[in-house]
Amino acid sequence: MFKITRANSVPLGTPGQPHLLPHHEFLQQFCAAEGWSGDLSTGLFRLGEKAAAIHGLRDGECGLLNFVRCYDPADRNHVLELFEQAATSCSSFCFSTTIALEEHGQKQPLFCIGESSGLEQRYSGTITGVFFFPRFLVEGAGRTLLRQ
């Protein structure tokens, strides 16, 4: 799945009705979530400690290609195109892919939601988002292996 749209904030709940949003503990039962950000003036992205480790990175500060290289080869170009579009026009986007875990011979599913802003001036702006890592691994043709 690879989707991009113009940036427009859509409220995810109605004030006074917090039950419409999942509780943090409930979300943690199914996945690990961690925010990330990218500075378009420098090209540097900052991933949290957990996201950097799952992406196979020693440092959480890196370039886009550094963390996309571990994505499923069939998805890499789509993800790069998505980030390129988001870097040229304020956008909201989402994608899903898998990360190969070499030590296990398995794959970690990954879901990403993000948005870009501050692109009024050339070579400026930010991209921010959140990674969701489900608490299970898959193998080959998407067969579920285990719950972490």
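Student: In β4, which residue is the bridge partner of F45?

Tutor: C62 is that partner in β4. Before going on, note that this is a predicted model: local features need pLDDT of at least 70, side-chain atom pairs count only at pLDDT 80 or more, and totals for chains, interfaces and linings use all residues. Residues are numbered from 1 along each chain as its sequence is written, and side-chain values use heavy atoms, with hydrogens and water left out.

Student: How many bridges pair β3 with strand β4, and in which sense?

Tutor: First the rule: two strands pair if DSSP finds at least two bridges between them. Here β3 and β4 (residues 61-63) are antiparallel, with 3 bridges. The other partner to look at is β2 (residues 31-39), which pairs with β3 in the antiparallel sense over 4 bridges. On that side, F45 in β3 has G38 opposite.

Student: How many residues lie between β2 and β3 in the hairpin?

Tutor: There are 4. In the turn, G43 has a positive phi of about 80°.

Student: Which side chains of β3 point to one face and are buried?

Tutor: The general idea: in a regular strand the side chains alternate between the two faces of the sheet. In β3, F45 and L47 share one face and are buried. Buried means under 20% relative accessible area, exposed over 50%, and partly exposed in between (1.4 Å probe, protein chains only).

Student: Why does F45 count as buried?

Tutor: Its relative accessibility is 5%, so F45 counts as buried.

Student: How many aromatic pairs does a search of the whole structure find?

Tutor: Rings of Phe, Tyr and Trp (its six-membered ring) pair if their centres lie within 6.5 Å; planes under 30 degrees apart count as stacked, over 60 as edge-to-face and the rest as tilted. The search finds 13 pairs. Take F45 and F67: the ring centres are 5.4 Å apart and the planes stand at 70°, so this pair is edge-to-face. F45 is in strand β3 (residues 44-47) and F67 in helix α3 (residues 64-68), so the pair ties together parts 22 residues apart in sequence. F67 has 0% relative accessibility, so F67 counts as buried.

Tutor: A further pair joins F45 and F83, also edge-to-face, at 5.8 Å centre to centre and 85° between the planes. This one links distant parts of the chain: F83 is in helix α4 (residues 73-88), 38 residues from F45. F45 and F83 are both buried.

Student: Which residues form one aromatic cluster?

Tutor: The cluster holds W36, F45, F67, Y71, F83, F93, F95, F131 and F133.

Student: Where does V68 lie?

Tutor: V68 is in helix α3. At a relative accessible area of 2%, V68 is buried. Now its contacts, where contact means heavy atoms within 4.5 Å. Leaving aside neighbours within four places in sequence, V68 contacts R76, V79 and L80. From V68 to H55 the C-alpha distance is 8.2 Å, across 13 residues of sequence.

Student: Is T126 exposed, partly exposed or buried, and what is its relative accessible area?

Tutor: T126 is partly exposed, at 34%. T126 sits in strand β7 (residues 126-134). Not counting residues up to four places away in sequence, T126 touches G38, L40, E115, S116 and S117. T126 and F45 are 81 residues apart along the chain, yet their C-alpha atoms are separated by 9.5 Å.

Student: Why is β5 largely enclosed by the rest of the structure?

Tutor: Count its buried residues: 10 of the 11 in β5 qualify, so the strand is largely enclosed by the rest of the structure. β5 runs antiparallel to strand β6 (residues 106-117), joined by 10 bridges. One of the facing residues is Q106 in β6, the bridge partner of L101.

Student: How many helices and strands does the chain have?

Tutor: Helices (H or I, at least four residues) and strands (E, at least two) are DSSP runs, numbered from the N terminus. The chain has 4 helices and 9 strands. Along the sequence the order is β-α-β-β-α-β-α-α-β-β-β-β-β.

Student: What share of the 148 residues in the chain do buried residues make up?

Tutor: The share is 36%. As for contacts with a separation of 6 or more, 51% of them are between residues 24 or more positions apart.
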